[in-house]
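Work through the exercises below with the sequence and the structure open beside you, and try each task before you read its solution.

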Amino acid sequence: MLTVYDRKADCCGCTACKSICPTGAISMEADHEGFLYPRIDPPLCIDCGLCRKVCAFQMGYDRSGNFDMPAVFAAKHRSDEVRRRSSSGGAFTAASDHMLAKGGVVYGAAFAEGFRVVHRRAETAEGRDAFRGSKYAQSDPERTFMGVKDDLDGGRQVLFTGTPCQCAGLRRFLETAGTDASSLLAVDIICYGTPSYKLFKDFIAYLEESEGEKVVDFRFRSKENGWGSTEAAVFEGGRVDFKSRRSQLYRKLFFSNLCLRPACYECRYTNLVRPSDITMADFWGIEEVLPEFRDELGVSLILVNTAKGRVACSGMLGDLVTIESSVEACLAKQPALKTPATMNPLRQAFWEDYGRSGFRYALDKYIGIDSSAVKKPAGG
C-alpha cells in the first residue's frame, strides 16, 4: 500500500496531499492520539506521486522571496477593545481589516461545535472575529486549501493565517496546482507545537465532570489577569474561571512536551526564514528591550519576511502604533524561532497510560491535578 510519509514525524497534517490528489484517494484520519494523518484508498490511487511531491514538510519550501533577515516591529492596535479581544496586540485584526477593506477574504482558525478547531473563511469583520485569539490544538483545514485556490482563481485577494507548516503546505499546494498566488498574503504564527483535538476535547469533558457544569467557551491567553498566560473557562451559568488550578492544567500539559504532534519535535520552520509574508506573535520580553512600549493589553511582534509583506504592513499602519525593533531583541524570548520543542522522554508512556486508563488518570499521573510542578519553558 502506498503511503504519503515514511514516519509519523514526517507528516505535519497540513492536508496539501489530500487537496492535490486528482482522484480523491486521500482522506485524513485520526490516530490513537487524535492527530490527523493522510490515508490512501488503494483502489482510487493512480500512483501519480503528487502527494509526496506536494509535501513541503518533507520536500522543503520556497525561500526565494524572503529577505535575508526579516524586518522586526513591535505593534499595538490603536483600539483598546481590539487588544482586549486579542491574544497579543491586535496585529491580526489590523491585517484582516485591511484585507476585508479591499474586498478580499480571510481564512483563519475558529472553534466549531464541540470545541473542534477548524479553518474557516470570512468576508466580514464579524466572521473574522472568530479567528482572534490563540487556540492550543491543531486545526483541521478541511477544504480550506481548495477554498483558497478557488478564491485566487476567481480573482479575489486572500489573507491566510495559520501555523508555519500550514502556510508552507498551502503555498506548495498552490504552486503544484498551477494557481497564481500573487494575490495571497500568507501570515504564520510563531508556533511552539500542536496538541490534538482529542486531548483538548477530553480536557473540556474533565472540566465539565469536575465542575458539574457545561463549558460554553474556553479562552486561551485570556486577559482577565492582564496580558500574559492565563486560561479562562466560561461555564453555561455565566461563571468565568481563570483563577483555579484546574482551569490552568491544559496549559501545563501543553508546555510539558508530552502531547505535541510527533512532527513538532522535528519542525522544519523553527528559524527566521519563514514560509510566509508576515509572521505574528506576542512580543515577549518587550519590557526589557522597549520598556516604554510595554502595555497590559498586549504587544504584537511582527516579522516582515517578504516584499509583499512589507506592502501589506504599510497598509496596516493606520490601525497600529509601531516601533522598529531587531531580530536579536525577539530571539531571546522566542525559542521556537531557533529550535523545535524537545520531546519529553515520558511521551510514549503518557499516551500508553492515556489510552489504557483515560485522560484523568494520565493528567494526574504526569501533571498532577493538584500540582504546579510542570513549568512553562523560559521564553515560551
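A residue is called buried when its relative accessible area is under 20%, exposed when it is over 50%, and partly exposed in between, with a 1.4 Å probe and protein chains only. Strands (E, at least two residues) and helices (H or I, at least four) are DSSP runs, numbered from the N terminus. This is a predicted model, in which local features need pLDDT of at least 70, side-chain atom pairs count only at pLDDT 80 or more, and totals for chains, interfaces and linings use all residues. Residues are numbered from 1 along each chain as its sequence is written, and side-chain values use heavy atoms, with hydrogens and water left out.

**Exercise 1.** Find how many residues of strand S12 are buried.

*Solution.* Locate strand S12 at residues 300–306. Then check each residue against the cut-off: 7 of its 7 residues are buried, and the strand is mostly covered. For the protein as a whole, 56% of the 380 residues count as buried.

**Exercise 2.** Determine which strands pair with S12.

*Solution.* Two strands pair if DSSP finds at least two bridges between them. Start with S3 (residues 66–77), which pairs with S12 in the antiparallel sense over 6 bridges; here Val72 has Leu303 as its bridge partner in S12. Next take S11 (residues 278–282), also antiparallel to S12, over 5 bridges, where Ala281 stands opposite Leu301 of S12.

**Exercise 3.** Describe the secondary structure and the extent of the protein.

*Solution.* Count the elements first: the protein has 15 helices and 13 strands. Then follow the principal axes, along which the C-alpha trace spans about 55 × 55 × 40 Å.
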